[in-house]
Amino acid sequence: MEIGVQLLLAVLVIFVLILVKKGIVIVRQAEVIIIERFGRYLRTLSSGLNIILPFVDSFRCFTWRAVKEDYKGNKYIQLRTENRLDLRENVYDFARQNVITADNVVIEINALLYFQISEPYKAIYEINNLPEAIEKLTQTTLRNVIGELELDRTLTSRDMINSKLRDILDDATDKWGVKVNRVELQDINPPKEIRAAMEKQMRAERDKRALILEAEGTKQAKILEAEGTKQEKILEAEGFKNAQITRAEGEAKSKLLVAEAEAEAIRRIADAVKETKMDPAEYQIALKYINTFGELIQKGDKTVVLPYEATSLLGSIKTIQSMLK
């Protein structure tokens, strides 16, 4: 009898331990667990220590299927069954896909999507396979956005495309309890013939810019040279003008000094000939005649032309001679 009681107690202890083990659930940080009771949603367990009713409450398990691509470019399907939802930001690197632009060019695009589960209830019950749904939605949205753009604008408008994709996907996934944070176009690969044509165009543009810069440099050099020549001529003209002015001023001062000297001489002569009653002007003219005769004699000229008025000056000359004696 005692053995039976002990066995029963042991069974009860084991059963209690099992209940405790199954009834206590520890959830890690940034994770949640969906609890169902008899197949219906009951509550969401947050991080920390949680208690549930064993055999009555159960975890909601979910299987997510995703298409992956290995380093060789081969695609494969990955199945992942879990009972805990990760609330951290997730990144999905979607496989490359072909997209047609508005000018009918087929390009290959690889996109990265960063999203975060904000409402676990909706992520489990509003969509069957969240990663696959987000991937398909991203692909179709990317086709629609790229299909409205030409190739050149697609290659130069990544930020605009990323922003537009993020807004569309964030609005569409809101009912799934998902917050789309960023969308990045990782690679945009046009066909080989298009890349070759683009490289030729870029080389032509670089050559064009080089020729334009060279022409601008030549033009600027000629302008500077012309400006230098113009400035040189202006300075030369200014120098010649200043020289002429200086020369004229010198000649004017020289003549003024000569005139002043002659005036002073006439005054002195006038003072000297007051007693002889001789005209000072005639005296000056007589002196100039005498100097001129001397120069003619020194040159050896045998013919001398005298003006008619010179005869009237002979008296003055005689007077000068007598004064000099």
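Analyst: One begins with the secondary structure. In this predicted model, the chain contains eight helices and 12 strands.

User: How many residues does the chain have, and what share of them counts as buried?

Analyst: The chain has 325 residues, and 25% of these count as buried. As for the surface, the chain exposes about 23,000 Å². Carbon and sulfur atoms supply 56% of that area.

User: How should I read the burial of a single residue? Is Thr173 buried or exposed?

Analyst: One compares the relative accessible area with a cut-off: a residue is buried when the value is under 20%. Thr173 has a relative accessible area of 1%, so Thr173 is buried. This residue belongs to the loop that runs between α5 (158-172) and β12 (178-189).

User: Which residues are in contact with Thr173, leaving aside its neighbours within four places in sequence?

Analyst: With those neighbours set aside, Thr173 is in contact with Ile134, Leu137, Val178 and Val180.

User: Let us turn to the backbone. Which value does phi take in Phe38, and where is the residue found?

Analyst: Phi of Phe38 is near 55°, which is a positive value in a residue other than glycine. Phe38 lies in the loop between β2 (31-37) and β3 (40-45). A residue counts as exposed when its relative accessible area is over 50%. Phe38 reaches 69% and is therefore exposed.

User: What is phi in Phe55, and is this residue buried or exposed?

Analyst: Phe55 also is a residue other than glycine with a positive phi, near 65°. Its place is the loop between β4 (48-51) and β5 (57-59). Because its relative accessibility is 58%, Phe55 counts as exposed.

User: Where is Arg206 placed, and what is its relative accessibility?

Analyst: Arg206 is part of helix α6, which covers residues 192-272. Its relative accessibility is 46%, so Arg206 counts as partly exposed. The partly exposed class lies between the cut-offs for buried, under 20%, and exposed, over 50%.

Key. Residues are numbered from 1 along each chain as its sequence is written. This is a predicted model: local features need pLDDT of at least 70, side-chain atom pairs count only at pLDDT 80 or more; totals for chains, interfaces and linings use all residues. Side-chain values use heavy atoms; hydrogens and water are left out. Helices (H or I, at least four residues) and strands (E, at least two) are DSSP runs, numbered from the N terminus. Buried means under 20% relative accessible area, exposed over 50%, partly exposed in between (1.4 Å probe, protein chains only). Contact means heavy atoms within 4.5 Å. Accessible areas come from the Shrake-Rupley method with a 1.4 Å probe; for residues, only the protein chains shown count as cover.
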